[in-house]
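Colleague: I would like to go through this model feature by feature. Please start from the overall fold and work down to single residues.

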Amino acid sequence: MDANEVLDYCLAKKGVTESFPFDNETLVLKVDTKMFLLMGLEKKPLSINVKTDPEWSAELREQHPQITGAYHMNKTHWNSVMLDGLKKDLIFKLIDQSYNLVFKSLTKKARDLVNNS
């Protein structure tokens with residue numbers, strides 16, 4: 001899976017925007033104003049940071065050496081995921097969960113704006 005596939009999948013979701021708030025290499029995807037995915041475009045192998053349910057995070061880290069606590073982020077809620085060697089459906093599931101967790105944390109007004117966009 002490459003960066004364009006990840007980006008296209010994310011941008012197909014409602015209310016998603018992309019930006020480079022930290023540097024020219026770290027793409028940040030947000031729903032409304034909150035981050036749900038970070039991707040280091042220059043990193044090889046390609047990896048993403050996603051928000052994950054803490055219980056599932058522990059399970060994922062045990063089962064997949066490519067999944068670890070996210071650097072510089074709350075490791076209880078955020079995982080770094082090296083995409084090499086992982087099935088596409090798992091990667092999409094991780095992205096979906098991250099988006100959904102962040103979307104649920106938005107105010108009702110923000111969720112309504114996203115849903116009606």
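Modeller: What follows goes from the fold to the sheet, then to side-chain pairs and backbone details. Keep in mind that this is a predicted model.

Colleague: How many helices and strands are there in the protein chain, and in what order do the elements run from the N terminus on?

Modeller: The protein chain has four helices and six strands. From the N terminus on, the order is α-β-β-β-β-α-β-β-α-α.

Colleague: How is the radius of gyration of the protein chain to be read against the globule rule?

Modeller: The radius of gyration is 14 Å, close to the 13 Å that the globule rule gives for 117 residues, so the protein chain is as compact as a globular protein of that length. The C-alpha trace spans about 40 × 30 × 25 Å along its principal axes. As for burial, 39% of the 117 residues count as buried. Of the contacts with a separation of 6 or more, 48% are between residues 24 or more positions apart.

Colleague: Now the sheet. What is the order of its strands, and which are the edge strands?

Modeller: The sheet is open, and its six strands are ordered β1-β2-β3-β4-β6-β5 with antiparallel pairing. The edge strands, each pairing on one side only, are β1 (16–19) and β5 (67–69). From one strand to the next, the twist averages 25°.

Colleague: Over how many bridges do β2 and β3 pair, and which residue in β3 does V28 stand opposite?

Modeller: Strand β2 covers residues 26–31 and strand β3 covers residues 34–40; they pair in the antiparallel sense over six bridges. V28 stands opposite L38 in β3.

Colleague: Which strands does helix α3 lie across?

Modeller: Helix α3, residues 88–105, lies across β1, β2, β3, β4 (47–51), β5 and β6 (78–82). The helix runs at about 40° to β4.

Colleague: Take T52 next. Where is T52 found, and is T52 buried or exposed?

Modeller: T52 is in the loop between β4 and α2 (54–63). Its relative accessibility is 1%, so T52 counts as buried, the cut-off being under 20%. The side chains of T52 and N79 are joined by a polar contact of 3.2 Å. Leaving aside residues up to four places away in sequence, T52 touches S57, L60, T76, H77, N79, L94, Q97 and L101.

Colleague: How should I read the salt bridges, and how many are there?

Modeller: Side chains of opposite charge can pair when their charged atoms come close. The count here is three salt bridges. In one of them E5 pairs with K88, with the closest N and O atoms 2.6 Å apart. E5 lies in helix α1 (residues 3–11) and K88 in helix α3, so the pair ties together parts that are 83 residues apart in sequence. E5 counts as partly exposed at 28% relative accessibility, and K88 counts as partly exposed at 41%.

Colleague: Which parts of the chain does the pair of K13 and D96 link?

Modeller: K13 and D96 meet through their side chains in a salt bridge of 2.7 Å, N to O. The pair links distant parts of the chain, with K13 in the loop between α1 and β1 and D96 in helix α3, 83 residues apart. K13 is buried, with a relative accessible area of 19%, whereas D96 is partly exposed at 23%.

Colleague: And how far apart are D112 and K108 in helix α4?

Modeller: They are four residues apart in helix α4 (residues 108–115), so about one helical turn separates D112 from K108. Their salt bridge has its closest N and O atoms 2.9 Å apart. D112 is partly exposed, with a relative accessible area of 32%, and K108 is exposed at 54%.

Colleague: Last, the backbone. Where is the cis peptide bond?

Modeller: The cis peptide bond joins K44 and P45, with omega about -5°. P45 lies in the loop between β3 and β4.

Colleague: What is phi of D32, and what is phi of H72?

Modeller: D32 is not a glycine, yet its phi is positive, about 55°. D32 is in the loop between β2 and β3 and is partly exposed, with a relative accessible area of 32%. H72, also a residue other than glycine, has a positive phi near 65°. H72 is in the loop between β5 and β6 and counts as exposed at 68% relative accessibility.

Note on methods: Residues are numbered from 1 along each chain as its sequence is written. This is a predicted model: local features need pLDDT of at least 70, side-chain atom pairs count only at pLDDT 80 or more; totals for chains, interfaces and linings use all residues. Side-chain values use heavy atoms; hydrogens and water are left out. Two strands pair if DSSP finds at least two bridges between them. Helices (H or I, at least four residues) and strands (E, at least two) are DSSP runs, numbered from the N terminus. Axes are lines fitted to C-alpha atoms, for helices over the stretch in contact, and angles run from 0 to 180 degrees between N-to-C directions. Contact means heavy atoms within 4.5 Å. Buried means under 20% relative accessible area, exposed over 50%, partly exposed in between (1.4 Å probe, protein chains only). A polar contact is a pair of N or O atoms within 3.5 Å; within protein, one must be able to donate a hydrogen and the other to accept it, and residues adjacent in sequence count only if both atoms are side-chain atoms. A salt bridge is a side-chain nitrogen of Lys or Arg within 4 Å of a carboxyl oxygen of Asp or Glu. The radius of gyration is taken over C-alpha atoms; the globule rule is 2.2 Å times the number of residues to the power 0.38.
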